[in-house]
Amino acid sequence: MILATINPSGEAELRRLLASMNHEPGLLDPLNALVPFGQFDRLHFARILILDDQTLNDITVYDLPRVDYPTYLAILGDCDGPSDELLAEMVERAGDGLRRIFALCDGYTPDIDLLTWIKANNVSPAANYVNWIGRTVRQVGEEETLRQALEKFLQENSVSLRPMQPRQVRDVLKKFVATEEQSGRIILTPPEPTPLGWQLCNLLHLVGMPILLLIVSPLLLLALPFFLFQLRRCERSDPEIAPRVDPAHANLLSSLEDHGVTNQFSAMGSIKPGLFRRLTIILVLEAIDYTARHIFNRGRLARVTTIQFARWVFLDGKKRVIFASNYDGSLESYMDDFINKVSFGLNIVFSNGIGYPRTRWLLLDGAKDEQTFKDYLRRHQMPTQAWYNAYPGLTALDRRRNALIREGLEKSWMTDSEIQEWLRLF
């Protein structure tokens with residue numbers, strides 16, 4: 001995530017530039033002349049958006065003065081491999097377009113090395129979620145091509161295949177794929193080995209965090225009663241701010257959504273004032289980042305399977321947070337999915353934000369007040385100026401199905417029941 005402060009005098013021109021990247025609102029030209037995201041074959045999703053928080057006045061309910069934060073430009077990307085490699089490739093291929101964009105931001109001048117400046121403005125997430133860690137853009141594309149070829153073959157040869165036993169059908173499909181691979185019409189690239197350094201760091205993080213938690217657990221137990229007391233004290237006194245969404249704002253957001261089966265979501269808000277709430281959200285996002293990295297990294301975030309990528313990022317000295325996700329389905333179904341399955345998770349995170357529906361003991365109520373929660377979320381949502389999806393039309397479940405199809409072809413042995421289940425994927 002590259003974050004830059006927009007020069008107020010250049011904001012109108014910046015909005016015009018970013019709008020030129022789209023065929024129409026919500027539909028990016030992946031090969032646009034400014035930043036052709038479609039040229040980067042390791043980029044899953046990307047977005048460019050102007051962080052214009054329309055809820056800054058909400059902080060005045062705490063008798064605090066409104067803070068006029070700068071308006072930011074954010075460029076976010078979810079990529080395979082080290083982000084530094086992608087940034088270098090973007091500078092090489094889209095340097096001129098990026099310079100035109102950043103020239104309208106504070107701190108960038110033509111004499112500055114672009115790559116150095118971008119890296120200096122790169123902001124790490126407080127928590128990051130990847131639907132399936134290790135699944136690359138190349139893998140997704142190759143496995144979708146494989147599925148389409150197999151389904152076409154099955155349709156064209158349905159009469160001859162129908163009398164066969166499942167194992168015979170699989171053998172025929174394997175021979176077909178082998179022939180197609182020889183001709184180059186199907187390519188199934190072996191996965192690249194995970195760098196040893198990454199594996200070691202990941203293992204250290206996996207083991208180190210529980211050990212650290214165990215060491216400090218006596219202190220945490222002592223602090224727990226004080227935490228619960230302060231929590232309920234805050235929950236009883238925190239004001240709730242969730243008026244109905246402005247229709248013009250809702251219509252603008254709707255115009256950018258549902259152009260395909262996958263959508264983007266970007267929301268921003270202020271953390272409730274005080275050290276208690278700030279420490280709570282820091283610890284909560286640390287826990288989310290750990291579980292997303294080591295537990296919920298194979299197709300689901302808790303019980304939710306529709307999120308492809310998501311991140312939470314602190315801004316302005318941890319006084320504000322931006323949440324950005326890429327999800328399958330409509331926003332209404334996305335919110336319902338969370339409310340019905342993991343409302344407690346929504347409460348744990350977002351109840352630390354100003355205006356959230358009132359909770360009890362951090363877990364209860366909150367998002368269960370469905371309409372109030374939806375109004376809260378929609379009010380904090382921001383329009384995305386440009387959004388890129390490397391595989392439009394493919395949901396997270398589609399990609400999982402395609403991976404299973406490939407696995408079924410490459411397995412050396414499968415039982416008859418396993419083959420039957422595998423054939424049902426088509």
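## Sheet

Four strands form an open sheet in the order β6-β8-β9-β7, and their pairing is antiparallel. At the edges lie β6 (127-130) and β7 (262-270), each of which pairs on one side only. Direction ignored, neighbouring strands of this sheet are turned by 10 degrees against each other on average. The model is predicted.

Strands of a sheet pair through backbone hydrogen bonds, in either a parallel or an antiparallel arrangement. Here, nine bridges join β7 to strand β9 (residues 320-328) in the antiparallel sense.

Helix α9 (residues 275-294) lies across β6 and β8 (307-315). The angle between α9 and β6 is about 25 degrees.

Helix α10 (residues 331-350) lies across β7, β8 and β9. Relative to β9, α10 runs at about 145 degrees.

## Cysteines

How many disulfides does the structure hold? The number is zero. A disulfide is a covalent bond between the sulfur atoms of two cysteines, and the cut-off applied to a pair of cysteine sulfur atoms is within 2.5 Å. For C79, the closest cysteine sulfur belongs to C201 and is 17 Å away, so the two are too far apart for a bond.

Is C79 buried or partly exposed? C79 has a relative accessible area of 23%, which means that C79 is partly exposed. C234, with a relative accessible area of 12%, is buried, because buried means under 20%.

Terms used: Residues are numbered from 1 along each chain as its sequence is written. This is a predicted model: local features need pLDDT of at least 70, side-chain atom pairs count only at pLDDT 80 or more; totals for chains, interfaces and linings use all residues. Side-chain values use heavy atoms; hydrogens and water are left out. Two strands pair if DSSP finds at least two bridges between them. Helices (H or I, at least four residues) and strands (E, at least two) are DSSP runs, numbered from the N terminus. Axes are lines fitted to C-alpha atoms, for helices over the stretch in contact, and angles run from 0 to 180 degrees between N-to-C directions. Contact means heavy atoms within 4.5 Å. Buried means under 20% relative accessible area, exposed over 50%, partly exposed in between (1.4 Å probe, protein chains only).
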